[in-house]
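Hi,

Here is the model I said I'd pass along.

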Amino acid sequence: SEVNLDIGVYEPMKKAEASREFEEMSLEARTVLHHMRISMEHEGIHLPAAEKTECMELLDSEQQLSFEILNRQEQLRHQASEEGAWVPLD
């Protein structure tokens, strides 16, 4: 998402997590902050521009592949007889 790619959101979150005040926050607030930072890093926010671009391309490819796998599973499920679906190994 756009928020996960906004360095202006990421940097203050990272600083807040490293601060002494972080321990004074509620467990819920610390958990949300931590998971938001991790989510942003999964999308490459902390990487140099070239690596970030590659990361986003890989994430897009992964999403497309997942979509194709799910579509194929749905097709097989609809084609399956009472005995189940047979999928060739090749």
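This is a predicted model: local features need pLDDT of at least 70, side-chain atom pairs count only at pLDDT 80 or more; totals for chains, interfaces and linings use all residues.

Among contacts in the protein chain (heavy atoms within 4.5 Å) between residues at least 6 apart in sequence, 45% link residues at least 24 apart. The chain has three helices and zero strands, where helices are DSSP runs of H or I of at least four residues and strands are E runs of at least two, numbered from the N terminus. Of its 90 residues, 16% count as buried; that means under 20% relative accessible area, with exposed being over 50% and partly exposed in between (1.4 Å probe, protein chains only).

Residues are numbered from 1 along each chain as its sequence is written, and side-chain values use heavy atoms, leaving out hydrogens and water. The pLDDT (the predictor's confidence in each residue, from 0 to 100) averages 86 over the protein chain, and 88% of the residues score at least 70. Helix H2 has the highest confidence, with a mean of 93, and H3 (residues 49–79) the lowest of the helices, at 88.

Now for H1. Tyr10, Met13 and Glu17 are buried in H1. They sit on the same side of H1, because they cover an arc of only 70 degrees around the axis, taken from the directions from the helix axis to the C-beta atoms. An α-helix has 3.6 residues a turn, so residues three or four places apart point the same way. The buried residues of H1 pack against H2, while exposed Lys15 and Ala18 are on the face turned away from the buried side.

What does Arg37 touch, leaving aside its neighbours within four places in sequence? Arg37 is in contact with Tyr10, Met13, Lys14 and Glu17. Arg37 belongs to H2 (residues 27–42) and is buried, at a relative accessible area of 15%. Its side chain also makes a polar contact of 2.3 Å with that of Glu17 (a pair of N or O atoms within 3.5 Å; within protein, one must be able to donate a hydrogen and the other to accept it, and residues adjacent in sequence count only if both atoms are side-chain atoms).

Cheers
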